[in-house]
Amino acid sequence: MRDRLFIIIAGAVVGLLAVILVMQGNPVNMGFCIACFIRDIAGGLGLHRAAVVQFLRPEIMGLVIGAFITALYVREFKATGGSSPVLRFALGMLMMAGALIFLGCPLRMVLRLAGGDWNALVALPGYVVGVWLGTLFLRRGFTLGRSQEQSPVNGYAGPFLAVVLIILLIAAPAFIFFSEEGPGSMSAPLILTLGAGLLVGVLAQRTRLCTMGAIRDILLFKDFHLFYGLAAIFVIALIGNLFTGQFMPGFAGQPVAHSDSIWNFLGMTVVGLAAVLAGGCPMRQLILTGEGQGDALITVFGMAAGAAFMHNFGLAGSPAGVSPAGQWIVIISLVVLTVIGFGNTAIRSRSTAQNSEQAKAS
Amino acid sequence: MSEIVDCRGLSCPEPVMQARQALQQAPEDTVTVIVSNAVARDNVSRAANSMGWQVTVEEDGEDFKLNLNK
């Protein structure tokens, strides 16, 4: 009961902060968007040259550092890694590909819904379908394998990179890109964005808040624990938007969004499925990175690479819609995810079969 | 000798799925689940509680040993 109250409070804080960040300068319905912000960071580092989405977003660094400090404090920091790094990198790329088709991670999908963007209402069932497909693989025995304990240096890498990014943001050397127009140029003041990231990092580490787990646990175990957190984000962001006049219901003309419904649906199906196979939504990957999980950091790197790929080749969705090439990426992503899903199930069931045959032989 | 489910190195939901399966099929009243992270410790404990099992947690070096009793 105490746990449930805590996760509801954590979700409410995320929803409230999201509204405040938009009021103070973040793009509309983008108080938090982990995929968008990692994409912006990739742009800030020059990994892609889409001039309107380049900015070292402090929310991301705050999330990692907040989770890191909390994990150290409660003695849950543990450097681990080595569980299918190549596949995790690929899953990060695919998760980002799907998110940049829809234009938002699952967290922004909920925030867009709370802002009256009905395109998110189309994407939500797509996301649930993606998570459901993921649970089918889990039930078949899908696994990325065990992680191993590693030297602490591995675990410090993520938080260290976060600090480096903050230094680069403040020092603003010439090789770091800053958007002069578009969403990348819009941000609440540093003290707010970094502070909000840190606070959510602390809360998400303690509560294990995860936008994918919220749906997955209902489908697998009829466990609504994480869902309460997700619902709280939505309810508080909705109330906040209504009170501050930021609630604008409709399909057309929504900020940083498009109305290609089929691709909004399928884009989030890709995100949902990739998130289940990767063991966490984009935000959760940042929190796990702060806890020292190298496997999560690899996934985040995959997301950054995915963002660069999507923008360098003009595949990402835009307010104009999804290009034919972008539509192909969605189809290819679904195929690749299916291969990864079946591939890792097959290995395990074969080895189990071998074991039982060996047992019979002996 | 109680059944031991080794979930070290696995991330949720795998430990919960394996633990639930073991509890559903357990021939005896005790099952031991070994996990290596706090998330799995908490999630397996919650799942076991909801299935009517008592949980005691033992720290075992870097791992957690969950003794589940009906």
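**Figure 1. Helix H6 of chain A crosses helix H11 of chain A in a right-handed sense.** The view is taken from a predicted model. Two packed helices are described by the angle between their axes and the distance between the axes. Here H6 covers residues 119–139 and H11 covers residues 261–278, and the pair packs at an angle of about 35°. The axes of H6(A) and H11(A) are 6 Å apart. Sorted by class, the residues in the contact of H6(A) with H11(A) are 18 nonpolar, 10 polar and no charged ones.

**Figure 2. A:Asn29 sits in a loop of chain A.** The loop joins helix H1 (2–23) to helix H2 (34–44). Is A:Asn29 buried or exposed? A:Asn29 has 31 C-beta neighbours inside 10 Å, so this residue counts as buried. Leaving aside residues up to four places away in sequence, A:Asn29 touches A:Arg108, A:Leu111, A:Arg112, A:Gly115, A:Asp117 and A:Pro255. A:Leu124 is 95 residues from A:Asn29 along the chain, and the C-alpha atoms of the two are separated by 15 Å.

**Figure 3. Strand E4 of chain B pairs with strand E2 and with strand E3.** E4 runs over residues 63–69, and its side chains alternate between two faces. B:Phe64, B:Leu66 and B:Leu68 point to one face and are buried.

**Figure 4. A hairpin is formed by E3 and E4 of chain B.** Two residues lie between the strands. B:Gly61, in the turn, has a positive phi of about 65°. For chain B as a whole, the mean pLDDT is 91, and 99% of the residues reach 70 or more.

**Figure 5. The peptide bond from B:Cys12 to B:Pro13 is cis.** Its omega is near 15°. B:Pro13 lies in the loop that runs between strand E1 (3–7) and H1 of chain B. Most residues other than glycine have a negative phi, and most peptide bonds are trans.

**Figure 6. A:Arg75 and A:Ser84 have a positive phi.** A:Arg75 is in the loop between helix H3 (58–73) and strand E1 (80–81) of chain A. A:Ser84 is in the loop between E1 and helix H4 (85–102) of chain A. Why is A:Arg75 called exposed? A:Arg75 is exposed because it has 8 other C-beta atoms within 10 Å, and a residue is exposed if that number is 12 or fewer. A:Ser84 has 20 C-beta neighbours inside 10 Å and therefore counts as buried, since the cut-off for buried is 20 or more.

**Figure 7. Chain B and chain A are in contact.** Each chain gives 13 residues to the contact. On the side of chain B that touches chain A, the elements that give two or more residues are helix H1 (14–25) and helix H2 (38–50) of chain B. By class, the residues on that side of chain B are seven nonpolar, three polar and three charged. For the complex, the predictor gives an ipTM of 0.92 and a pTM of 0.94.

Terms used: Residues are numbered from 1 along each chain as its sequence is written. Chains are lettered from A and ligands numbered from 1 in the order in which they are written. This is a predicted model: local features need pLDDT of at least 70, side-chain atom pairs count only at pLDDT 80 or more; totals for chains, interfaces and linings use all residues. Helices (H or I, at least four residues) and strands (E, at least two) are DSSP runs, numbered from the N terminus. Two residues are in contact if their C-beta atoms, placed from the backbone, lie within 7 Å. Two strands pair if DSSP finds at least two bridges between them. pLDDT is the predictor's confidence in each residue, from 0 to 100. Axes are lines fitted to C-alpha atoms, for helices over the stretch in contact, and angles run from 0 to 180 degrees between N-to-C directions. A crossing is left-handed if the near helix is turned anticlockwise from the far one by less than a right angle, and right-handed if clockwise. Ala, Val, Leu, Ile, Met, Phe, Trp, Tyr, Cys and Pro count as nonpolar, Asp, Glu, Lys and Arg as charged, and the others, Gly among them, as polar.
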